[in-house]
Protein chains: 2
Amino acid sequence: MKRRTTTTLDDVARAAGVSPATVSRCINQPASVREEKRERILNAIERLGYVPNGSARALASRKTRMIGAIMPSLDNMLFGGPLEAFQKEVGSAGYTVAVACSEYDPQQERIHVRNFLESRVDGLLLVGAQRDPDIYRQLERQGVPYVLTWISSDARKDHCVGFDNAAAAEQLVDYLVSLGHRHFGMISGFIEHNDRAKARYLGVRTALERHGLSLPPDQLLHRPFEPDAGRDAFHLLMSAANPPTAVLCGSEPHAYGALFEARDMNIDVPGEVSVTGFDDMWLASQISPPLTTVRTPRGRMGRQAAQHLLAQLRGERLVAPRPIETTLVVRKSTAAPRPRPLLQRVAPDHFQARTRAKSGS
Amino acid sequence: MKRRTTTTLDDVARAAGVSPATVSRCINQPASVREEKRERILNAIERLGYVPNGSARALASRKTRMIGAIMPSLDNMLFGGPLEAFQKEVGSAGYTVAVACSEYDPQQERIHVRNFLESRVDGLLLVGAQRDPDIYRQLERQGVPYVLTWISSDARKDHCVGFDNAAAAEQLVDYLVSLGHRHFGMISGFIEHNDRAKARYLGVRTALERHGLSLPPDQLLHRPFEPDAGRDAFHLLMSAANPPTAVLCGSEPHAYGALFEARDMNIDVPGEVSVTGFDDMWLASQISPPLTTVRTPRGRMGRQAAQHLLAQLRGERLVAPRPIETTLVVRKSTAAPRPRPLLQRVAPDHFQARTRAKSGS
DNA sequence: TGCCTTTCTGAAAGCGCTTTCAAAACGCCT
DNA sequence: AGGCGTTTTGAAAGCGCTTTCAGAAAGGCA
């Protein structure tokens with residue numbers, strides 16, 4: 001007697017005295033099978049502990065009920081929230097979310113896309129719009145719906161659920177300029193493979209130019225999105241002969257790092273220098289001084305991305321979602337710059353004071 | 001002419017002039033097919049843009065190459081790191097990770113387990129060991145390997161990759177007692193469905209009893225794992241007539257909240273009250289005062305969980321992993337308690353000072 | 001060259017489910 | 001009882017791949 005290892009739909013059919021087709025219907029469209037049989041079937045399912053085989057089901061129906069999500073990172077608190085919101089939303093429509101992590105690396109992202117394509121996910125969630133066109137070609141070829149988040153780009157507008165990073169950055173600059181700032185530093189992410197970071201940087205430049213200002217190359221530092229990296233960059237910026245009066249951070253972890261470093265360097269924020277963040281994560285309002293930043297409604301974005309994808313899955317026609325509103329949140333990390341001495345180039349005491357202070361840590 | 005929507009393995013076989021079986025081999029064990037044909041096949045695959053169908057493959061081979069992970073939350077920075085480490089590790093062995101989120105709710109977890117069982121995941125990652133035995137029965141019945149993280153329980157030791165939460169909590173208490181503390185408060189998570197939180201609480205109780213001390217019921221507050229909740233609880237604890245000299249937090253977000261609230265209430269930490277955390281996330285060393293806490297090596301746990309699961313997947317016999325070491329990290333949020341007035345019950349000035357201070361926020 | 005061993009290859013039988021399609025059962029009238 | 005339009009049901013044909021199994025090709029040696 002060969003012992004079967006798993007119970008299949010056929011087993012259930014036999015046990016309930018109906019055909020496999022009927023069992024299948026009973027599971028997928030219960031209304032279409034008569035009460036009496038339905039009960040017998042359900043009963044048999046229960047009794048045998050039957051669990052449908054998703055692979056077989058997917059093969060036959062050409063639907064996996066699975067959505068792939070590729071995030072740059074899970075480690076910082078930035079992507080978890082929206083992802084969770086996304087998952088909850090598509091989950092209630094019966095979809096499972098598979099998550100992969102690209103570590104901000106196009107190569108890795110490519111691999112993960114490929115994997116998801118093999119897995120025949122019903123849809124795909126990506127972050128940002130900038131990637132090898134070949135990837136989009138494949139997605140379209142395979143007819144896999146996708147949504148691009150964190151951005152409201154022009155190129156593939158129809159797929160973008162996100163906000164206008166550049167505009168938000170401009171808003172921040174406008175505000176600082178209105179306070180009287182003229183000398184800026186920026187701690188940015190790496191912009192080569194990151195269109196969100198690039199947009200923020202370009203927004204800063206645009207706004208600056210509009211005001212007849214500029215960001216000297218040595219005042220722009222690129223760092224990974226980590227507080228320690230932000231610290232480091234801030235230290236560099238503020239140890240220079242002629243430090244900026246305002247430091248724009250391309251991401252919030254950068255700003256936290258800057259604020260911590262300022263504390264350790266005995267630099268008063270916002271007295272000596274203003275610092276801004278970007279995203280308004282929970283720490284922004286708690287840190288001291290509370291951080292002036294841009295609020296990006298990420299939970300809403302996650303939900304909206306889900307809805308956008310679900311609409312495609314339902315076969316509805318793509319309509320470009322409208323960009324999600326961001327809001328400038330003014331807190332205590334920004335203020336008017338303190339008046340400068342006329343001979344700006346001198347100030348060696350600043351320099352020494354600041355590097356000295358570092359030893360305390 | 002009926003246009004085929006996807007190219008299949010058979011198409012490739014035809015294009016390369018070999019049998020489907022050979023193509024299959026070429027993909028799965030390239031070494032077993034002769035150079036010349038292999039090249040023809042690879043070439044055809046490339047030319048046709050063939051992407052294997054995972055469902056079909058899974059159905060035929062009875063392997064999905066997918067691992068399910070059910071985490072209590074993705075929103076806080078706690079689970080993301082280890083999950084990413086886990087993913088990277090199993091990813092390099094060719095597995096994809098599907099993530100679901102239970103929100104600390106057994107019902108939701110149950111549903112997700114069920115879904116993963118239907119998806120026929122090859123393995124499962126869970127957090128904690130406490131759940132309906134029925135779930136374990138199902139897993140065993142279906143022969144799905146699993147690993148339980150964040151805990152080193154006795155019940156299913158063989159599956160646990162984690163640390164001894166109770167012992168770590170005891171260590172914290174011992175340290176505080178050695179500083180001279182006798183009056184404790186605790187901000188804990190909800191312990192009913194959370195064995196990690198429960199173990200920490202029990203550890204605290206055990207250690208306290210060992211020193212002939214106890215935790216009065218009104219000094220134990222249960223809160224969700226959020227800074228704001230921690231704030232709230234800390235405020236309550238410290239507004240009482242006879243506040244504790246040390247507040248133990250069951251999780252780090254609680255501790256951050258406590259520290260922020262202390263700042264806003266003008267309570268000096270560690271002068272007036274000591275505060276401890278649990279987990280040593282990145283903020284712990286940056287916040288002021290830097291937090292005394294227990295370091296739980298979560299990245300290592302993620303990797304080890306992956307290895308443990310992969311070993312099972314390879315068919316190796318289960319050996320109980322040894323618990324992961326935690327270490328007490330003493331920073332500046334703890335100190336000896338300040339001497340108390342003899343009449344402990346009185347101190348109405350304390351009370352007023354503290355509630356008054358709140359108005360500043 | 002012939003024979004035996006080793007390596008490759010192809011035919012065919014599933015894997016467990018969904019989904020036509022047509023037949024059966026039912027309900028309702030006349 | 002017979003007829004007709006609706007449900008309900010079952011048989012059978014896949015979905016696209018893996019995996020025996022046995023036969024073909026290649027290699028080694030006398």
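Which element supplies the largest share of the surface near DNA strand D? In this predicted model, the answer is helix 2 of chain B, with six residues.

## Surface near DNA strand D

Both protein chains take part in this surface. From chain A, helix 2 (20–28) and helix 4 (54–61) each provide at least two residues, and from chain B, helix 1 (9–16), helix 2 (20–28) and helix 4 (54–61) each do likewise.

A total of 28 residues lie around DNA strand D, and those that come nearest are Thr8(B), Leu9(B), Ala21(B), Ser24(B) and Ala60(B). By class, the surface near DNA strand D holds 14 nonpolar, nine polar and five charged residues.

## Contact between chains A and B

Chain A and chain B each bring 36 residues to their contact. On the side of chain A that touches chain B, two or more residues come from each of helix 4, helix 5 (77–91), strand 2 (96–101), helix 6 (106–119) and helix 7 (133–142) of chain A. This side of chain A is made up of 17 nonpolar, 14 polar and five charged residues.

## Relation between the two copies

Two copies of a chain are related by a rotation about an axis and a shift along it. Here, chain A is superposed on chain B by a rotation of 180 degrees with 0.0 Å of shift along the axis, at an RMSD of 0.1 Å. The two copies are therefore related as by a two-fold rotation axis.

Within chain A, Ala98(A) has the C-alpha nearest the axis, at 1.9 Å from it. Both copies use the same surface, as 100% of the contact residues of chain A recur in chain B.

How values were computed: Residues numbered from 1 in each chain as written. Chains lettered and ligands numbered in written order. Predicted model: local features only at pLDDT ≥ 70, side-chain atom pairs only at ≥ 80, totals over all residues. Near = placed C-beta within 6 Å. Helix = DSSP H or I, 4+ residues; strand = E, 2+ residues; numbered from the N terminus. Nonpolar A, V, L, I, M, F, W, Y, C, P; charged D, E, K, R; others polar. Contact = placed C-beta atoms within 7 Å. Least-squares fit on C-alpha atoms with pLDDT ≥ 70 in both.
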